[in-house]
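Please open the model in the viewer and display the chain with its side chains.

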Amino acid sequence: QVQLVESGGGLVQAGESLRLSCAASGSTFRRYFMGWFRQAPGKERDFVATINWSGGSTYVADSVEGRFTISRDNAQNTVYLQMRSLKPEDTAVYYCAAGSAPRSSTAIRTTPREYDYWGQGTQVTVSS
């Protein structure tokens, strides 16, 4: 299994940027596809972005398209979420998640149930 620890959250003003990091340990990082989700108070956990094992395939939610980018460094066992032009509605706890699948799989995984391991979350607050 894999352990995930997020970092990089904080309080920013609208229009600013943040980069979240998720460090993985405990298993071979490149075995896993990775994702970012977020959850605002009183709301469900929503999909933000996902990346396959190699980093060659990524997909982001429509709500963050053009502003957020997901990437990974398999040598550093880390996945990143670069967030630009942040808006107050981006305020949430951001979670990193990992799941396993055959490397040949091209499925895009956007639901929490498709992920097996989760970090503890990092708070992102965007003020207007």
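Select glycine 15: beyond its neighbours within four places in sequence, glycine 15 is in contact (heavy atoms within 4.5 Å) with Ser85 and Leu86. The model is predicted, so local features require pLDDT of at least 70 and side-chain atom pairs pLDDT 80 or more, whereas totals for chains, interfaces and linings use all residues. Residues are numbered from 1 along each chain as its sequence is written, and side-chain values use heavy atoms, without hydrogens and water.

Glycine 15 sits in the loop between β2 (10-13) and β3; strands are DSSP runs of E, at least two residues, numbered from the N terminus. Its relative accessibility is 49%, so glycine 15 counts as partly exposed (buried is under 20% relative accessible area, exposed over 50%, partly exposed in between, with a 1.4 Å probe and protein chains only).

Now select cysteine 22 and cysteine 96, which form a disulfide with sulfur atoms 2.1 Å apart; the criterion is a pair of cysteine sulfur atoms within 2.5 Å. The pair links distant parts of the chain, cysteine 22 in strand β3 (residues 18-25) and cysteine 96 in strand β9 (residues 92-100), 74 residues apart. The S-S torsion of cysteine 22 and cysteine 96 is about -75°, so the disulfide is left-handed. Cysteine 22 and cysteine 96 are both buried.

Of its 128 residues, 41% are buried.

Definitions and conventions:
Helix = DSSP H or I, 4+ residues; strand = E, 2+ residues; numbered from the N terminus.
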